[in-house]
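Subject: Model handover and notes

Hello,

Here is the model for you to look over. My notes on it come after the structure.

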Amino acid sequence: MPLSASEGLCVLVADDEGPARQRIIDLLHRNSYVSAILEASDGLSAVDFIQNRRPDLVFLDVQMPELNGLEIIAAVGTERMPLTVFVTAYDEHAIRAFEANALDYLLKPFSDERFEMTMARVSIRMDERSVREFGRRILRMVSAAPAGNLPLDRLVVKSGGSARFVRVADIDWIEAAGVYANLHIGGKELLYRAALNELAERLDPVRFVRVHRSAIVNIESILRLEPISHGEFEVILKDGSRSRISRTYRSQLEKRLGQSL
């Protein structure tokens, strides 16, 4: 996935020398995929920008007031650092830069061509990150989905440090309970840690039908329907529970039954 102006890189230029910062900023303005540029003139400001603005890339001067480049990395944490290019007037710092997992280093004074080489490396690394992140998203989606997209036949209900397996077919009805769902099974209730909307998408539509925005019933558990008013009904279940069938969801039940109420 190549970089584009619409995606845009946020770049932090951290250098205590104004002319040195401006030199990098002027070169960055030539790159259409750089959408935002931040400036820091000391180590503490650089840490604040990295932690709160989360730039994609940082050009980091090795020698700065308050904290030097390596101390900045230590303060932020290596795993939380953006892509980093060290900028230094001392070649001896190059080895330490790579020990700190820097993407590249620029030895002052550097040419326009050398800077473009660095930006080419940035582009390649960003592409690699995008591909890896895309792969991780796909893996999460595959891992979360039931095999073959089949309806759920078991629910794992966690309570008090233990996990109980519940056969979905045994559930009489389900009601919303805030961000969770209450499973009604043979007159007993179990709290399932998933939203009703999420659960509705994974239940077998042949067996379960939504009758209200806060209730799903197992058709096999319906004993009878009683009219209330204005086209609304109350469903009476085998365990004695009652739930209103709203006009909004009445059509879903009629479609499932293949006949009008």
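The model is predicted, so local features are given only at pLDDT of at least 70 and side-chain atom pairs only at pLDDT 80 or more, while totals for chains, interfaces and linings use all residues. Residues are numbered from 1 along each chain as its sequence is written, and side-chain values use heavy atoms, with hydrogens and water left out.

Helices (H or I, at least four residues) and strands (E, at least two) are DSSP runs, numbered from the N terminus. Strand β3 covers residues 57–61, and five of its five residues are buried (under 20% relative accessible area; exposed is over 50%, partly exposed in between, with a 1.4 Å probe and protein chains only). On one side these are Leu-57, Phe-59 and Asp-61, and on the other Val-58 and Leu-60, so both faces of the strand are covered.

Strands count as paired if DSSP finds at least two bridges between them. β3 runs parallel to β1 (residues 9–14), with four bridges between them. Leu-57 of β3 is the bridge partner of Val-11. β3 is also parallel to β4 (residues 83–88), here with five bridges, and Asp-61 stands opposite Val-87 of β4. Between β3 and β4 the chain passes through helix α3 (residues 69–76), and this β-α-β crossover is right-handed (with the strands pointing away from the viewer, the path from the first strand over the helix to the second runs clockwise).

Arg-54 lies in the loop between α2 (43–53) and β3 and has a phi of about 50 degrees; Arg-54 is exposed, at 63% relative accessibility. Glu-66 lies in the loop between β3 and α3, with a phi of about 70 degrees, and is exposed at 57% relative accessibility.

Aromatic rings

A search of the whole structure finds two aromatic pairs. Rings of Phe, Tyr and Trp (its six-membered ring) pair if their centres lie within 6.5 Å; planes under 30 degrees apart count as stacked, over 60 as edge-to-face and the rest as tilted. Phe-59 and Phe-115 are stacked, at 5.4 Å centre to centre with 20 degrees between the planes. This pair links distant parts of the chain: Phe-59 is in β3 and Phe-115 in helix α5 (residues 112–144), 56 residues apart. Phe-110 and Phe-115 are stacked too, at 6.3 Å centre to centre and 20 degrees between the planes. Phe-59, Phe-110 and Phe-115 form one aromatic cluster.

Pro-109 is in the loop between β5 (104–107) and α5.

The antiparallel sheet

Five strands form an open sheet in the order β10-β9-β8-β12-β11, with antiparallel pairing. β10 (188–192) and β11 (208–212) are at the edges with a single partner strand each, so one side of each has no neighbour in the sheet. Within the sheet, β8 (residues 173–177) and β9 (residues 180–185) are joined by five bridges, and Ala-181 in β9 is the bridge partner of Ala-176.

Other points

In helix α1 (residues 18–28), the buried residues include Ala-20, Arg-21, Ile-24, Ile-25, Leu-27 and Leu-28. They lie on the same side of α1, because they cover an arc of only 165 degrees around the axis (taken from the directions from the helix axis to the C-beta atoms).

Ser-243 is in strand β15 (residues 242–245) and is buried, with a relative accessible area of 9%. Its C-alpha atom is 9.3 Å from that of Glu-175, 68 residues apart along the chain. Asp-204, in the loop between α6 (196–200) and β11, is partly exposed at 27%.

Regards
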